[in-house]
Amino acid sequence: MVRYDSLITSVGNTPLVGLPRLSAPFNTGAEGAPEIRIWAKLEDRNPTGSIKDRPALKMIEVAEKEGLLRPGCTILEPTSGNTGISIAMAAKLKGYRTVFVMPENTSEERRQILCMWGAEIVSSPAAGGSNEAVRVAKQIAAEHPDWVMLYQYGNAANALAHEEGTGPEILADLPSITHFVAGLGTTGTLMGVSRFFRGAKPDVTIVAAEPRYGELVYGLRNLDEGFVPELYDAELIDSRFSVGPRDAVRRVRELLDLEGIFAGISTGAILHAALGQAAKAMKAGESADIAFVVCDGGWKYLSTGAYEGTVDDAEERLEGQLWA
Amino acid sequence: MAIEVRIPTILRTYTGGEKAVSAEGANLSAAIDSLEANHPGIKDRLVEDKGAGIELRRFVNVYINDEDVRFIGSLDAELSDGDQIVILPAVAGGAA
């Protein structure tokens, strides 16, 4: 059934596609040898082109149900782009005003898209990245108590969208799944999907891939004033990897070259961690079905320069940018 | 046994501005002690004792060969010659 009453109801049910060429190096083809397969969950197939449609709509739905969000309300949210785009789409259809706090070192495309959907943007300083956006948004929220901040970093509905949607969809398509790999930002995807698997198939290994940015993003902050999203529960994760821009760019290009999938840069980081799990399974002589998340397509990142020139050039261009 | 340790900007006051220094030890705890011997004061910024023994500070993330040490034994995480340790402040990341 691919007919929907409106764009909003068409969120989710994204394809899971096999990556035979990227999986090939892990399979010797010898008789009795373990089979290792890597699968991509194409979240760019959501209405606004990213996985964030899931949590954004769920957070709005829950806020409406709880009476927090009423017609004419203003929604405020710290975002590096994707969540903002998702909220802006829903807000347009539902009649809300939107104000987003966005680090100034995010890609130009994301700004333009948000403006197209009618959002207002407040820029937060580049140094400190998303941490600063969160801080500025909290400050604005205090000045405008009538505005509704959905707050994706601490809103249980964010993780719930994945516990009810992303997780069950993957298990239905791939009952033999052994590993799930996703990006770590708000931690919503990993928390929700892990909670689902811990109940439905507890032996699935849950792996987090976290982007490692240039020094500017970490800034000169005091180490005592760091930020860990309120949603994060380390018990729900089995391994966590930090992936720098070089590996992310290299992998996102491989995904395009070998499998024809044009993904955003953060997906390269996630694929890097997924390939690490494949290598580990091969070394251990075990079969594996590894599913990872393609968060969004590459369109919004063309201006970052990640897709042209040498990997060295691309790495240099990404220094100081929030590429995931 | 030489292990490279990447130091975040905020902690370079302890390393004379060096971005990377070397340390020794068979596990993270020993490597931090060896860092402290050469760069006094740095250990206290990385670990704390909240009553249940020494542990990593909440907003300090440490990675051995890109893997978060909290999932591989924390301060007991094993080290081998040629490993790389990266220390970073915890930040909000990802395509949020």
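This is a walk through a predicted model, first chain A, then chain B.

Residues are numbered from 1 along each chain as its sequence is written, while chains are lettered from A and ligands numbered from 1 in the order in which they are written. Because the model is predicted, local features need pLDDT of at least 70 and side-chain atom pairs count only at pLDDT 80 or more, although totals for chains, interfaces and linings use all residues; side-chain values use heavy atoms, with hydrogens and water left out.

Let us begin with chain A. It holds 11 helices and 10 strands, where helices (H or I, at least four residues) and strands (E, at least two) are DSSP runs numbered from the N terminus. Its C-alpha atoms fill a box of roughly 65 × 45 × 40 Å along the principal axes.

How much of chain A is tucked away from solvent? Of its 324 residues, 61% count as buried. Here buried means under 20% relative accessible area, exposed means over 50%, and partly exposed is in between (1.4 Å probe, protein chains only). Among contacts in chain A between residues at least 6 apart in sequence, 74% join residues at least 24 apart; a contact means heavy atoms within 4.5 Å. Accessible areas come from the Shrake-Rupley method with a 1.4 Å probe, and for residues only the protein chains shown count as cover.

The charges of chain A come to 31 positive and 43 negative side chains, and the centres of the two sets lie 2 Å apart. Lys and Arg count as positive and Asp and Glu as negative, without His or the chain ends, and each charge is placed at NZ of Lys, CZ of Arg, CG of Asp or CD of Glu.

Now look at helix H3 of chain A, residues 82-94. Its 13 residues reach 18 Å from first C-alpha to last, close to the 18 Å expected at 1.5 Å a residue; the expected span is 1.5 Å times one less than the number of residues. Because 10 of the 13 residues of H3(A) are buried, this helix is largely enclosed by the rest of the structure. Among the buried ones are A:Ile85, A:Ile87 and A:Met89. Their cover includes helix H2 (53-65), strand E3 (74-78), strand E4 (97-103) and helix H4 (108-116) of chain A. Just after H3(A), A:Gly95 takes a positive phi of about 85°.

A:Pro125 sits between strand E5 (120-124) and helix H5 (129-143) and is partly exposed at 35% relative accessibility. Leaving aside residues up to four places away in sequence, A:Pro125 touches A:Glu104, A:Glu132 and A:Val136. A:Thr187 lies between strand E7 (179-183) and helix H7 (188-200). Most residues other than glycine have a negative phi, but A:Thr187, not a glycine, has a positive phi of about 80°. At 2% relative accessibility, A:Thr187 counts as buried. A:Tyr307 belongs to the loop between strand E10 (288-294) and helix H11 (311-318), and is partly exposed with a relative accessible area of 21%. Its contacts beyond four places in sequence include A:Arg253, A:Phe262 and A:Tyr301.

Chain B comes next, with 2 helices and 7 strands. From the N terminus on, the order is β-β-α-α-β-β-β-β-β. The radius of gyration of chain B is 13 Å, close to the 12 Å that the globule rule gives for 96 residues, so chain B is as compact as a globular protein of that length. Its C-alpha atoms fill a box of roughly 40 × 30 × 30 Å along the principal axes.

Of the 96 residues of chain B, 52% count as buried. Chain B exposes about 4200 Å², and carbon and sulfur atoms supply 45% of it. The mean positions of its 9 positive and 16 negative charges are 10 Å apart.

We finish at B:Asn65, in the loop between strand E5 (60-64) and strand E6 (67-68) of chain B. B:Asn65 has a positive phi of about 45° although it is not a glycine, and is partly exposed, with a relative accessible area of 42%.

Note on methods
The radius of gyration is taken over C-alpha atoms; the globule rule is 2.2 Å times the number of residues to the power 0.38.
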